[in-house]
Amino acid sequence: MFAAAHRLVLSHVRRYCQKTPIKPIKLRISEAASGAELGAEVKVQGWVRSCRPQKTNLFLHVNDGSCLQSLQIVASSELNDPLLTFGSAVEVTGILKKSPHQKQSVELEADQIHVIGECNPVDFPLKVKERHSFEYLRQFPHLRCRTNAFSSLLRIRSEATTAMHSYFKENGFVQIHTPVITSNDCEGAGELFQVEAPSTGNEEDENFFSVPAYLTVSGQLHLEVMSGAFSKVYTFGPTFRAENSQTRRHLAEFYMVEAEISFTESLEDLTKVMEDMFRSATEHVLAHCAEDVDLFHKHVTPGHRETVDSMLKKSFPVITYSEAINILNRSSEKFAFPTHWGCDLQTEHEKYLVKHCGNIPVFVTDYPYDLKPFYARDNEDHPEHTAAAVDLLVPGVGELCGGSLREERLDLLRARLEEVGLEDIYSWYLDLRRFGSAPHGGFGLGFERYLQCILGVDNIKDVIPFPRFSHSCLL
């Protein structure tokens with residue numbers, strides 16, 4: 001009996017001492033490609049970018065979107081599967097090793113390959129050996145994120161978003177979530193999408209909000225509300241314009257970065273924030289997305305890197321609107337739109353001014369008062385009569401930022417609102433001036449235009465995941 005009990009104890013000890021199988025380490029492709037966990041058994045998941053079966057070996061390139069570089073998978077030809085095609089989703093397990101053929105490169109020696117999702121290469125509109133144009137890819141908003149160029153764009157966009165938020169956080173700004181639905185028309189241009197509830201046949205239910213409501217064109221007025229309690233505020237979100245345009249410059253839905261600063265009476269305070277934010281965000285993107293940015297600067301817009309470097313090396317010049325008009329009037333360029341003092345600057349004028357100033361960003365200040373919305377501060381500089389407003393013009397795009405000091409003087413603001421017939425609608429705006437108002441100003445930056453500027457992309461529809469514009473709302 002004692003011997004039987006002894007054998008039972010030894011049996012339990014042997015089972016306890018047996019090694020538990022080690023689970024493979026799950027890595028993203030970016031981690032595996034950087035050489036993390038060399039020599040260990042790892043598991044990666046992603047989509048096949050290329051498949052090259054040979055007599056004894058099988059070579060795959062797999063990418064999961066975490067970086068531009070794909071991971072090479074080397075396996076026995078016995079692991080080949082007819083479902084392993086370009087675009088198929090796979091899970092691969094094996095040993096991560098240094099590549100014997102390429103220095104500073106790694107490969108995964110696979111012992112298991114599982115096809116998780118099939119992809120029919122015959123019907124798939126993206127071909128592995130073809131370089132598709134952005135125009136072609138716009139037809140497939142549900143698939144274009146799988147291309148190298150667009151996946152790089154989306155990583156850059158994500159990193160640029162982080163950079164913008166980081167800049168404001170590091171400089172003491174409070175983020176405000178301004179509403180998407182509003183009763184305000186910030187720009188006064190009337191290009192609004194009206195929001196209405198489905199008709200129920202009941203008149204009382206027809207007007208859901210009891211007042212006309214719209215998709216926002218800007219968060220500025222809501223930021224001005226907050227600037228009565230916080231000295232620095234910003235917002236970053238979608239804005240909408242019902243502009244019937246299909247040009248390469250316009251979208252019906254786009255993202256704006258907007259900021260408002262209290263206790264300032266100088267446009268220089270605004271231009272400093274604009275310039276610092278542009279530099280900070282761009283340097284961050286170049287540092288954290290070097291490989292993705294290089295793809296654009298080498299293959300999409302060759303030579304654009306020199307323009308970006310030049311923008312970062314030089315201070316942004318400042319000219320007044322009057323100086324800008326003089327420059328344009330002296331030019332030998334044949335403009336489609338004639339220039340004179342009081343005209344609104346068109347894209348062709350903005351691009352010319354940028355080139356005239358050395359093909360770097362340039363601030364244009366003190367626009368004619370009548371060109372600017374009711375909230376822009378009156379410079380009271382008759383006979384010209386200008387507003388304390390500023391635009392930042394950049395290479396390849398034209399206007400990137402627009403801003404102004406806000407009219408904090410109650411009597412002037414009331415007279416302006418009466419002049420344009422908005423005194424009743426904006427009575428709350430007058431209240432802001434009546435109850436503890438401080439001099440303030442702010443600006444808005446078009447995020448998609450910023451991406452166009454640093455990447456050199458010509459069409460704004462190619463820097464946003466799902467472009468919405470006149471007669472097009474795919475997905």
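**Before you start**

This is a predicted model, in which local features need pLDDT of at least 70, side-chain atom pairs count only at pLDDT 80 or more, and totals for chains, interfaces and linings use all residues. Residues are numbered from 1 along each chain as its sequence is written, and side-chain values use heavy atoms, with hydrogens and water left out.

**Stop 1: aromatic rings**

Show Phe, Tyr and Trp. Two rings pair if their centres lie within 6.5 Å, taking the six-membered ring of Trp; planes under 30 degrees apart count as stacked, over 60 as edge-to-face and the rest as tilted. By this rule there are 21 aromatic pairs.

Select Y321 and W341. Their pair is edge-to-face, with 5.6 Å from centre to centre and 85° between the planes. The two residues are 20 apart and the pair links distant parts of the chain: Y321 sits in helix α10 (residues 321-330), W341 in the loop between α10 and α11 (347-356). Helices (H or I, at least four residues) and strands (E, at least two) are DSSP runs, numbered from the N terminus.

Which of the two is buried? Y321 is, at a relative accessible area of 0%. W341 is partly exposed, at 33%. Buried means under 20% relative accessible area, exposed over 50%, and partly exposed in between, using a 1.4 Å probe and protein chains only.

Next, select F236, F278, F316, F363, F447 and Y450. Ring pairs join these residues into a cluster.

**Stop 2: arginines over rings**

Select R52 with F59. R52 lies over the ring face of F59, 4.7 Å from the ring centre. Now take R157 with Y255. Here R157 lies over the face of Y255, at 5.4 Å from the ring centre. A charge sits over a ring if NZ of Lys or CZ of Arg is within 6 Å of the ring centre and within 35 degrees of the ring normal.

**Stop 3: the second largest pocket**

Rolling a probe the size of a water molecule over the atoms shows where empty space is left. The second largest pocket holds about 1100 Å³ of space. Select R49, R146, T147, N148 and A149: of the 41 lining residues, these are the closest to the pocket centre.

A pocket is an open set of points on a 1 Å grid over the protein atoms alone, where a 1.4 Å probe fits, with protein on both sides within 12 Å along at least five of seven lines; lining residues have an atom within 4 Å of a point. Grid points are joined across faces, edges and corners, and the volume is the space filled by probe spheres set on the points.

Colour the lining by element. The elements that each supply at least two residues include β2 (41-53), β6 (106-117), α4 (148-170) and α8 (290-300). Which gives the most? α8 does, with 5 residues.

Then colour by class. The lining has 15 nonpolar, 17 polar and 9 charged residues. Ala, Val, Leu, Ile, Met, Phe, Trp, Tyr, Cys and Pro count as nonpolar, Asp, Glu, Lys and Arg as charged, and the others, Gly among them, as polar.

**Stop 4: along α4**

Select α4. Its 23 residues should span 33 Å at 1.5 Å a residue, and its end C-alpha atoms are 33 Å apart, which agrees. The expected span is 1.5 Å times one less than the number of residues. After α4 comes G172, with a positive phi near 80°.

**Stop 5: backbone exceptions**

Most residues other than glycine have a negative phi, and most peptide bonds are trans.

- H382 and P383 are joined by a cis peptide bond, with omega about 15°. P383 is in the loop between β14 (362-368) and β15 (386-394).
- E380 is also in the loop between β14 and β15. Its phi is positive, about 50°, and E380 is partly exposed at 46%.
- N359 is in the loop between α11 and β14. Its phi is positive, near 60°, and N359 is partly exposed at 30%.

**Stop 6**

- V463 lies in the segment after α14 (447-455) and is buried, at 0%. The C-alpha atoms of V463 and L451, 12 residues apart along the chain, are separated by 6.7 Å.
- D123 is in the loop between β6 and α3 and is exposed, at 59%. From D123 to N63, 60 residues apart along the chain, the C-alpha separation is 21 Å.
- V257 is in strand β12 (residues 253-262) and is buried, at 0%. The C-alpha atoms of V257 and K26 are separated by 37 Å.
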